[in-house]
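Colleague: I have not seen this structure before. Please take me through the terms used for it.

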Amino acid sequence: MPRRRTRLAPGAEPPERHLERQLGLLHEESERLAAALRETEARRQESHTRYLEDRGRSQ
């Protein structure tokens, strides 16, 4: 199937440029989310370790 071409207004950005920008923004967002999840998991693991240590002392 041939690629359909659309006419752009002078100075308008091509659709590919918008897709590139969207991908960049989504990548940045996913990096922030991954960092937040790593931090949350690290705190959870630390808390669980303290719980197990405290439980071991009380027995």
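Modeller: The model is predicted. Arg 43 has a relative accessibility of 45%, which counts as partly exposed.

Colleague: Why is Arg 43 called partly exposed?

Modeller: Buried means under 20% and exposed means over 50%. The 45% of Arg 43 lies in between, so Arg 43 is partly exposed.

Colleague: What makes the contact of Arg 43 and Glu 39 a salt bridge?

Modeller: The cut-off is 4 Å between a side-chain nitrogen of Lys or Arg and a carboxyl oxygen of Asp or Glu. Here the N to O distance is 2.8 Å, so the pair meets the definition. Glu 39 is partly exposed as well, at 48%.

Colleague: Where do Arg 43 and Glu 39 lie relative to one another in helix 1?

Modeller: Arg 43 and Glu 39 are four residues apart in helix 1, which means a separation of about one helical turn.

Colleague: How do you know that Arg 17 forms a salt bridge with Glu 20?

Modeller: The closest N and O atoms of Arg 17 and Glu 20 are 3.0 Å apart. That is within 4 Å, so the contact counts. Arg 17 and Glu 20 are three residues apart in helix 1, residues 15-57, and about one helical turn separates them. Arg 17 has a relative accessible area of 41% and Glu 20 has 47%, so each falls between the cut-offs of 20% and 50% and is partly exposed.

Colleague: What makes Arg 21 and Glu 13 a salt bridge?

Modeller: Their side chains meet at 3.0 Å, N to O, and the limit is 4 Å, so this pair qualifies too. Arg 21 is partly exposed at 47%, and Glu 13 is partly exposed at 36%.

Colleague: How many salt bridges are found in the whole structure?

Modeller: The search finds five, among them the pairs discussed here.

Colleague: What share of the chain is buried?

Modeller: Buried residues make up 0% of the 59 residues. The chain exposes about 6,100 Å², with 55% of it supplied by carbon and sulfur atoms.

Definitions and conventions
Residues are numbered from 1 along each chain as its sequence is written. This is a predicted model: local features need pLDDT of at least 70, side-chain atom pairs count only at pLDDT 80 or more; totals for chains, interfaces and linings use all residues. Side-chain values use heavy atoms; hydrogens and water are left out. Buried means under 20% relative accessible area, exposed over 50%, partly exposed in between (1.4 Å probe, protein chains only). Accessible areas come from the Shrake-Rupley method with a 1.4 Å probe; for residues, only the protein chains shown count as cover. Helices (H or I, at least four residues) and strands (E, at least two) are DSSP runs, numbered from the N terminus.
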